[in-house]
Amino acid sequence: MTALIQTQIRNATGHITLDRPKALNSLSLAMVRDLTHVLLDWRDNAAVQTVILRGSTEKAFCAGGDIRFFHQAGGSTPQGGSAALDDFFTEEYALNHLIHFYPKPWIAVMDGIVMGGGMGLAQSGPQNRLRIVTERTKMAMPEVNIGLFPDVGGSYFLSRTPGQLGTYLGVSGEMIGAADALYAGLADVFLPGGALAGLEALLDQFSGGDVRAAIRAYAAPFASLCDPAGSKLAQQQASIDTHFRFASVTQIADSLAGDDSAFAQATLATMQKRSPLMMAVTLRQLRQGAAQDLAGCLRMERTMVRHAFTQGEVLEGIRAVVIDKDNQPHWQPAGLEDVTQEMVDGYFAPVWPDHAHPLRHLIDQ
């Protein structure tokens, strides 16, 4: 185990803390491996009846994968990839699948920033999950801002949000708060940050029954502090459904351009900063993901991420946002009008025969 994953078993609850605060708890390959090791060990351990995952700082649950590592490893060969990079995505996606079907209640305390890989850790299956948000929650799948696509199962959980909310969140990469997350079905209960200590006490005193029901009862008095019906997504649902229903990003952009509302114009301005190619790839990914099971989505994403680092858009995006911090990415192509169907299709072309796919063993339960 690395020092970046802290674990403890108390009162039949397995506590896991992501402890890399200076990097906002972003995931390294070693952390992915440690998490997988712990969960496999606890899966058949009768001393662990519930698992709770949190971050070590109120600033972040998990800000995603370690994109500085992505840039270093992805740019280390002429092909834009490395064995370590391949291992990271293969093992991270397998971990996402393990969490989704974990046979014990999975409680994710999404306090602070929850992005990318953090969403993959939190968005477990409906049979085991309880996803907690606080007033500090800042949630996003912002990959189009760094020339990537919403992975870690994003093609599955975004495509299953109400209406076109997932399309909006994936294609625009916009950030949302606690009320929005509850409205979109990406979270289950709200707890103010000051009540998290009480959650710890509840788990330490819990004596049997449905722990998720007990947590919901504990959270009930705070529900009035966070109103999903009054969230931005709720207020803009009709507009989002109108503009993001189309089969191409160009049509979406044209629809937004024809709407002079503040929301539509702000959304269009945001999209004009994103990678045109990756918005188009993301739209297709989400449309296809809606018709696939989780294992199929993760296999599709594993193929896509290999193409992403070969094509290089993600390396330029990370350079602009994280390495040089000039926020002036040179997207290729620079405009939606130059994105061709062939470019998009390339991200979905098989890399391995089915029998050799690195995630071929994943089976939804």
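Salt bridges to start with: a search of the whole structure, which is a predicted model, finds 17 of them.

Take arginine 33 and aspartate 87, whose side chains meet at 3.6 Å, N to O. This pair links distant parts of the chain, with arginine 33 in helix α1, residues 29–43, and aspartate 87 in helix α3, residues 83–100, 54 residues apart. Arginine 33 is partly exposed at 38% relative accessible area, and aspartate 87 is partly exposed at 31%.

Next, glutamate 200 and arginine 54, with an N to O distance of 2.0 Å. Is arginine 54 buried or exposed? It counts as buried, because its relative accessibility is 15% and the cut-off for buried is under 20%. Glutamate 200, at 22%, counts as partly exposed. Both residues belong to a network of salt bridges that also links Arg10 and Asp204.

Then arginine 136 and glutamate 135, at 3.9 Å, N to O. Arginine 136 is partly exposed at 25%, and glutamate 135 is partly exposed at 48%.

Now the sheet. Three strands form an open sheet in the order β4-β6-β8, with parallel pairing. β4, 60–62, and β8, 138–140, are the edge strands, each pairing on one side only. Neighbouring strands are turned by 15° against each other on average, direction ignored. Two bridges join β4 to β6, residues 113–115, and alanine 60 has isoleucine 113 in β6 as its bridge partner.

Last, threonine 270, in helix α13, residues 262–271. Threonine 270 is buried at 14% relative accessibility. Leaving aside residues up to four places away in sequence, threonine 270 touches Ser172 and Glu174.

Definitions and conventions
Residues numbered from 1 in each chain as written. Predicted model: local features only at pLDDT ≥ 70, side-chain atom pairs only at ≥ 80, totals over all residues. Heavy atoms only, no water. Helix = DSSP H or I, 4+ residues; strand = E, 2+ residues; numbered from the N terminus. Buried < 20%, exposed > 50% of the residue type's maximum accessible area, 1.4 Å probe, protein only. Contact = heavy atoms within 4.5 Å. Pairing = 2+ DSSP bridges. Axes fitted to C-alpha atoms, helices over the stretch in contact; angles between N-to-C directions. Salt bridge = Lys/Arg side-chain N within 4 Å of Asp/Glu carboxyl O.
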